[in-house]
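This briefing goes through selected features of a predicted model, grouped by topic. Please keep the sequence and the structure in view while reading.

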Amino acid sequence: MADLTVKEFMQEIIAKNPGETEFHQAVQEVAESVLPFINKNPKYRETKILERIAEPERVIMFRVPWIDDKGEVQINRGFRIEMNSALGPYKGGLRLHPTVYLGLLKFLAFEQVFKNSLTTLPMGGGKGGSDFNPKSKTDNEVMKFCQSFMTELFRHIGPNTDVPAGDIGTGAREIGFMFGQYKRIRNEFTGILTGKGLNWGGSLVRPEATGYGCVYFTQAMLKAVGDSLKGKTCTVSGSGNVAQYTIEKVTQLGGKCVTLSDSGGTVHDPDGISEEKLAYIMELKNVKRGRIKEYAEKYNCKYFEGKNPWGVKCDVAFPSATQNEINEADAKELVKNGCIAVGEGANMPTTPEGVKVFQDAKICYGPGKAANAGGVATSGLEMSQNSLRLSWSREEVDKKLHDIMLAIHEQCAKYGKEGKYIDYVKGANIAGFVKVADAMLDQGVV
Ligand code: NDP
């Protein structure tokens, strides 16, 4: 069989999935790492494993009607992409954001398959969500939407089938409303969502897990080059779940975070975001649902309207907001300013051109599918606790999370080592691929 080139492979993907640019970007990145490996291993090539992985097992798309506080009918579109179940039940978050469409969720579901494989836990990959915007909605409106969303989704999910979680716009409040509706319809108290409240089935450390895990992974990358986070100045984008707990862990490990952002702009606090300031951010963002600009006003520091944090000098960068938030120019600016490591809390936050800049500069670059896998890993731990009907202590969960992040780092190093340098993109893609592909081979052409 002749070798398959990335170009040939991508031509088919683009023709089959027109207009889904983020999905093309995610598939191309994986194809570039994995195709040379597949071409050397005919068992994967002959069985068209990568072609099968790039095709969702199932796509569910549905109407979500609800009535707002003015009595007006609103209609959103809901999705669940059940991408791959070779390793376990579909697992992945629900994104609630106006930019949500099929191609965006397919990219996230595709990434999730490799990420979940890397965690070493038995989880397949999926993703879902809606173009609903929870911002500026009342609690009542958010509840109405969540109930309507679950009124359709409930028939497709289950503790052994598909277990969604949070993502952008889906936090503890939304998970609670969705869980309540599922329980009401099914008359069943069971672990169908993760990120649940602590007193009704949630796991300790799940809220912290993505941010903490990303910092543990970055610490491991730095250790591999004989360095650490101690004394490092770090920039963080976003100010949501991942950003908040990234800041908490960096600070605990002796680093200093100096930025935060939201879709309005960036704050720069050269003194560092202390524990007390972080508590203010959590109240501002999670309870009052305010804007990051208010932080600059309260602490009298600079606010850059409409700007991201990548122009601020740092040793380590933690993009923790959204996809494609670091472009080529941003990446060059980071490298020029002396950045030595990037730990991606967000999914695919760096464009392919930006990734090339980091790799050419040979800095420690941890792609999201490896660096932010701590969130889903701890969701996997939440599922285990639900099945066992017991709760592990904070120390137990945190230790398991830490060990998993180190195991992911090891797998990336195994497949990505090039002399002294570790190509974490290649390492994560090949390590994630091999496990899923071998399970698919065992299970036949299904
Ligand atoms: P949140 O909704 O808690 O926070 C998202 C943050 O990013 C907000 O500050 C938001 O600002 C900002 N943001 C979102 N979209 C944009 C945009 N288009 N431009 C600028 N800023 C933006 O989400 P999470 O913290 O949970 O998720 C952040 C990233 O981490 C996402 O890529 C997600 O997929 C990824 N991730 C999350 C996991 C989790 O466990 N939560 C697990 C693995 C990955 P604003 O409020 O103004 O919109």
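Ile67, Val73 and Ile75 together make a nonpolar surface patch of about 300 Å². The model is predicted, so local features need pLDDT of at least 70 and side-chain atom pairs count only at pLDDT 80 or more, whereas totals for chains, interfaces and linings use all residues. Residues are numbered from 1 along each chain as its sequence is written, and side-chain values use heavy atoms, with hydrogens and water left out.

**Surface patch**

- Patches are made of residues with over 30% relative accessible area and no salt bridge, like charges being joined within 9 Å and nonpolar side chains (Val, Leu, Ile, Met, Phe, Trp, Tyr) within 5 Å; the accessible areas come from the Shrake-Rupley method with a 1.4 Å probe, and for residues only the protein chains shown count as cover.
- Ile75, one of the patch residues, is placed in strand 2 (residues 73–84), where helices (H or I, at least four residues) and strands (E, at least two) are DSSP runs numbered from the N terminus.
- Ile75 counts as exposed because its relative accessibility is 58%, given that buried means under 20% relative accessible area, exposed over 50% and partly exposed in between (1.4 Å probe, protein chains only).

**Aromatic contacts**

- The whole structure holds 18 aromatic pairs, a pair being rings of Phe, Tyr and Trp (its six-membered ring) with centres within 6.5 Å, and planes under 30 degrees apart counting as stacked, over 60 as edge-to-face and the rest as tilted.
- One of these pairs, Phe179 with Trp200, is tilted, at 5.0 Å centre to centre and with 40 degrees between the planes.
- This pair links distant parts of the chain, since Phe179 is in helix 7 (residues 172–186) and Trp200 is in the loop between helix 7 and helix 8 (206–224), 21 residues apart.
- Phe179 is buried, with a relative accessible area of 3%, while Trp200 is partly exposed, at 24%.
- Tyr280 and Tyr299 have ring centres 5.6 Å apart and planes at 85 degrees, so this pair is edge-to-face.
- Tyr280 in helix 10 (residues 275–287) and Tyr299 in helix 11 (residues 293–299) are 19 residues apart, and their pair links distant parts of the chain; both tyrosines are buried.
- A single aromatic cluster is formed by Phe62, Trp66, Phe132, Phe145 and Phe149.

**Charges over rings**

- The charged end of Lys298 sits over the ring of Tyr299, 5.6 Å from its centre, the criterion being NZ of Lys or CZ of Arg within 6 Å of the ring centre and within 35 degrees of the ring normal.
- Lys249 likewise lies over the face of Tyr212, at 4.4 Å from the ring centre.

- An open sheet is formed by five strands in the order 7-6-11-12-13 with parallel pairing, where two strands pair if DSSP finds at least two bridges between them.
- Strand 7 (256–257) and strand 13 (364–366) stand at the edges with a single partner strand each, so one side of each is left without a neighbour in the sheet.
- Strand 6 (residues 233–236) pairs with strand 7 in the parallel sense over two bridges, and Cys257 in strand 7 is the bridge partner of Cys234.
- Strand 8 (residues 259–262) pairs with strand 9 (residues 265–268) in the antiparallel sense over four bridges, and a hairpin joins the two through two residues.
- Both faces of strand 8 are covered, with Thr259 and Ser261 on one side and Leu260 and Asp262 on the other all buried; the bridge partner of Leu260 is Val267 in strand 9.

**Salt bridges**

- The whole structure holds 23 salt bridges, each a side-chain nitrogen of Lys or Arg within 4 Å of a carboxyl oxygen of Asp or Glu.
- In the salt bridge of Lys127 with Asp167, the closest N and O atoms are 3.1 Å apart.
- Lys127 in strand 4 (residues 125–130) and Asp167 in the loop between strand 5 (162–165) and helix 7 are 40 residues apart, a link between distant parts of the chain, and Lys127 counts as buried at 3% relative accessibility.
- Lys232 and Asp227 meet through their side chains in a salt bridge (2.8 Å, N to O), in which Lys232 is buried, with a relative accessible area of 12%, whereas Asp227 is partly exposed, at 31%.
- Glu328 and Lys332 form a salt bridge (3.6 Å, N to O) and both lie in helix 12 (residues 328–336), four residues apart, about one turn of the helix.
- Glu29, Glu111 and Lys369 are linked in a network of salt bridges.
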